[in-house]
Number of protein chains: 2
Amino acid sequence: MVVSDQSCPPETETNSTAFVEGKLAEYRDLVLDMLLGGLPTDGASGLYDLVRSYPSRPGKGLRPALCLATTRALGGDTAAALNSAVAVELFHNGFLIHDDIQDDSHYRRGQATLHALYGVGAALNAGNATNLLALRRLMVNRSTLGAGLAWDIFRETEIMLGHTLEGQALELAWINGNSCELSDSDYYRLCLKKTSWYTFIYPCRLGTLLACRGDFSVTALDRFGWYLGAAFQIQDDVLNLVGTYDRYGKEISGDLWEGKRTLMLIDFMRRSSGADHQRLRGFLGKARAARTAAEVSWLHQRMLELGCVDYARRAARQLVVAALAEGAGALAAAPESDDKRFLLALPSYVVSRDH
Amino acid sequence: MVVSDQSCPPETETNSTAFVEGKLAEYRDLVLDMLLGGLPTDGASGLYDLVRSYPSRPGKGLRPALCLATTRALGGDTAAALNSAVAVELFHNGFLIHDDIQDDSHYRRGQATLHALYGVGAALNAGNATNLLALRRLMVNRSTLGAGLAWDIFRETEIMLGHTLEGQALELAWINGNSCELSDSDYYRLCLKKTSWYTFIYPCRLGTLLACRGDFSVTALDRFGWYLGAAFQIQDDVLNLVGTYDRYGKEISGDLWEGKRTLMLIDFMRRSSGADHQRLRGFLGKARAARTAAEVSWLHQRMLELGCVDYARRAARQLVVAALAEGAGALAAAPESDDKRFLLALPSYVVSRDH
């Protein structure tokens, strides 16, 4: 991927954090009301009560917001899209539950992870139930939106699930296989599969379908979502190194403990030499449980000193420029609206956020 | 549930183990060829190669056999049903992978479990991918069977997934909450949700739908599947106590280590008294890791001495009689065929099997 080395577009009223967060809260209220109100209240304890946990914690609600904003920016109807936006958020929560088990993460959205609270077995099951509830939402579309559109949304879902699982597998294979010869383009390929697809491309594609406007191809916002997703993931990785727990809600440096192949770690692999490089390889070659706080602290410090975090931040800013250009082009024919402004303000937002 | 205390129907040629196992092998060959041949060969390593593992190990292939046998017994076409039978088997394998993680089982089909081989993260992901591949199979039905039938199969799948997840959650809640006041009917409710639905009722329902014969209701074989599932699960639990590893392929007494609420353990809870009862409660109150081989051995011995295994075997034989009566009634209008004979031989088979 080639992107020009420009700085961020200047801050304006419409791409301000306050505007984006106000819109996010507006979309989130709609989605959470329907999501939480629609969860089964019967059934065995230890299932739907666990499903309720993550969605009830404070979150940005970025994915359903993208779905609703795209629908509305392209002239579609909120009421018709809301059910699918709820499905998007449910899938996200199902992925988070499983992801936390896979990474053995301890904190999510400022509280203990589900498997830390209830054990791996119950949490794994709750993740599956969350995904099933998402599928049920998509099945409801058949009676409200018609069989054709409901089917198109199913197909996009199946594509999204495939990319996401393959992305997860790729990341785990790098960690478990102790891959030390990765390039930036390996990282970007991972971002596309693991992050961009389900967080940005999929919600935008659903929004485009739900707007039911033949003048927009379902793939119109793909490149917007792809660049935006990479910028978002880099910022997420940066926050894991330099954020504060209060704002970020996950353990700081958790990625280093896990040996996660971030753009910063790949940069450090490439640029470190001599004793640094040997020490890094030794660290990554160990099982997670064998890594020490002193080693994590050393790695953290050296990555900052070698400028790896700055390198990643520059890359994210370049991606923001590319995302904005792609988004503006794709939405050129859409009339001005708060929803369109929200979408085009997102690139700046995702790299300026601190949580 | 009221069932009469009769012994098994007498052994005849058609319900012999050899006949059932011959038919199982015939169905399994069809299904495994399509299943393994259809797995993606590209994608990240650590995903589809893991998906391939369990289906490649020796298994009975009971669930797809039920689907195909029902279709054929009711006059349907093998070729049209095969794709859905593959989906049934994929779901089963996806459940097994997740189930092994949840129970921390060490062996499956005579080899190490997937998470024991590749870690929880990669195995969890492979379970999800297996379920996704099953969903993809069901999506293919739309073009081969038409949108209406494909949709009906989707709806049955959604219902089955809900029961299965709720059953899993119920069982985990009993173990984690150390439930000690359970009755036989609690156990049978668990069997219905956790075992009967996905192993028997779901494949029979799909077979009935796939036969496309309006003179058979989709629920025609529900009670057959429900009794058969309970008998199957009891036998599975019995084999876990008295089987041999060579034939059974799982660790013997694993259920005791897990504190799994089998009909036999519930019987022991009810019938043990004094020191036995106190010792049982002490054992179940511990975390799995704190239980000792001496305790497991004691519990095993006392359950045999108190006749808990005999009690469970009698219950299974009663269920076999009930299943056979229900099956014969439901299939009375179907012409004689090997497929019908296979279905009606299954009740005796599931309680006489040693693996």
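1. At what angle do α7(A) and helix α8 (residues 147–176) of chain B pack, and how far apart are their axes? In this predicted model, the angle is about 155° and the axes are 10 Å apart. An angle over 145 degrees counts as roughly antiparallel, and that makes α7(A) roughly antiparallel to α8(B). The crossing of these two helices, α7(A) and α8(B), is left-handed.

2. The residues that bring α7(A) and α8(B) together can be named. On the side of α7(A) they are A:G121, A:A122, A:N125, A:N128, A:A129, A:L132, A:L135, A:R136 and A:M139. On the side of α8(B) they are B:F154, B:E158, B:L161, B:G162, B:L165, B:Q168, B:A169, B:L172 and B:N176. By class, the residues of this contact of α7(A) with α8(B) comprise 10 nonpolar, 6 polar and 2 charged.

3. Chain A contributes 33 residues to the contact, and chain B contributes 33 residues. On chain A, the helices α5 (78–103), α7 (120–145) and α8 (147–176) each supply at least two residues of the side that touches chain B. Of the elements of chain A, α8(A) gives the most to that side, with 13 residues. The side of chain A that touches chain B is made up of 18 nonpolar, 12 polar and 3 charged residues.

4. How are the two chains related?

5. A helix pair within chain B can be set beside the pair in point 1. Helix α5 (residues 78–103) of chain B packs with helix α7 (residues 120–145) of chain B at an angle of about 165°, and their axes are 8 Å apart. The helices α5(B) and α7(B) are therefore roughly antiparallel to each other. Their crossing, in which α5(B) passes α7(B), is left-handed. The contact of α5(B) with α7(B) holds 16 nonpolar residues, 10 polar and 1 charged.

6. Is B:V20 buried or exposed? B:V20 has 24 other C-beta atoms within 10 Å, and a residue counts as buried if 20 or more lie within that distance, so B:V20 is buried. B:V20 sits in helix α1 (residues 17–37) of chain B. Leaving out residues up to four places away in sequence, B:V20 touches B:F342, B:A345, B:L346 and B:Y349. Between the C-alpha atoms of B:V20 and B:G59, which are 39 residues apart along the chain, the separation is 14 Å.

7. A:N178 is not a glycine, yet has a positive phi of about 50°. A:N178 lies in the loop between α8 and α9 (184–211) of chain A. With 11 other C-beta atoms within 10 Å, A:N178 is exposed, the cut-off for exposed being 12 or fewer.

8. In chain B, B:N178 likewise has a positive phi of about 50° although B:N178 is not a glycine. B:N178 is found in the loop between α8 and α9 (184–211) of chain B. B:N178 is exposed, with 11 other C-beta atoms within 10 Å.

Notes: Residues are numbered from 1 along each chain as its sequence is written. Chains are lettered from A and ligands numbered from 1 in the order in which they are written. This is a predicted model: local features need pLDDT of at least 70, side-chain atom pairs count only at pLDDT 80 or more; totals for chains, interfaces and linings use all residues. Two residues are in contact if their C-beta atoms, placed from the backbone, lie within 7 Å. Helices (H or I, at least four residues) and strands (E, at least two) are DSSP runs, numbered from the N terminus. Ala, Val, Leu, Ile, Met, Phe, Trp, Tyr, Cys and Pro count as nonpolar, Asp, Glu, Lys and Arg as charged, and the others, Gly among them, as polar. Axes are lines fitted to C-alpha atoms, for helices over the stretch in contact, and angles run from 0 to 180 degrees between N-to-C directions. Angles under 35 degrees count as roughly parallel, over 145 as roughly antiparallel, 65 to 115 as roughly perpendicular and the rest as oblique. A crossing is left-handed if the near helix is turned anticlockwise from the far one by less than a right angle, and right-handed if clockwise.
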